[in-house]
Amino acid sequence: MVKLLSKHVFKEELNMAKKVSTRKPLSGNKRSHALNTTKMTQKVNMQTVVVNGEKVVMSAREAKKYRKNNAE
């Protein structure tokens, strides 16, 4: 499928992966030896996985569980 973006530019519509996971980043404080605090976040390790022929974005932990439970 081709979408018309402007007068002369055509862009092919891509099949984007659907986000399945509901996990959120972990937030907290980084503490130095002097006990200074700075806010920090640990992001979730999101991976693109093909499930039943469809691209899905899920966390690495969920992908590992999916591969283990659906092993053939």
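Two strands pair if DSSP finds at least two bridges between them. Helices (H or I, at least four residues) and strands (E, at least two) are DSSP runs, numbered from the N terminus. The model is predicted: local features need pLDDT of at least 70, side-chain atom pairs count only at pLDDT 80 or more, and totals for chains, interfaces and linings use all residues. Residues are numbered from 1 along each chain as its sequence is written, and side-chain values use heavy atoms, with hydrogens and water left out.

**View 1. The open sheet holds three strands in the order β3-β7-β6.** Its pairing is mixed. β3 and β6 are the edge strands, each with a single partner, so one side of each has no neighbour in the sheet. Helix α1, residues 60–69, packs on this sheet and touches β6 and β7. The direction of α1 makes about 120° with that of β7. Here axes are lines fitted to C-alpha atoms, for helices over the stretch in contact, and angles run from 0 to 180 degrees between N-to-C directions.

**View 2. β3 pairs with β7 in the parallel sense.** β3 spans residues 18–19, and β7 spans residues 54–59. Two bridges link them. K18 has V56 as its bridge partner in β7. For K19, the bridge partner in β7 is V57.

**View 3. β6 and β7 form an antiparallel hairpin.** β6 covers residues 46–51 and pairs with β7 over six bridges. V49 has its bridge partner in β7 at V56. N52 sits in the loop between β6 and β7. Its phi is near 55°, a positive value in a residue other than glycine. N52 is exposed, with a relative accessible area of 76%. Exposed means over 50% relative accessible area, buried means under 20%, and partly exposed lies in between (1.4 Å probe, protein chains only).

**View 4. The largest nonpolar core has five residues.** They are V49, V51, V56, M58 and A63. β6 and β7 each supply at least two residues of this core. A nonpolar core is a set of buried Ala, Val, Leu, Ile, Met, Phe, Trp, Tyr and Cys residues joined through side-chain atoms within 4.5 Å. V49 is in contact with E54, K55, V56, M58 and A63, leaving aside its neighbours within four places in sequence. Contact means heavy atoms within 4.5 Å. In soluble globular proteins, nonpolar side chains tend to be buried together.

**View 5. S59 is a buried residue of strand β7.** The relative accessible area of S59 is 1%. S59 touches S21, R23, V44, N45 and M46, not counting residues up to four places away in sequence.

View 6. G28 has M40 as its bridge partner in β5. L35 counts as exposed, at 56% relative accessibility.
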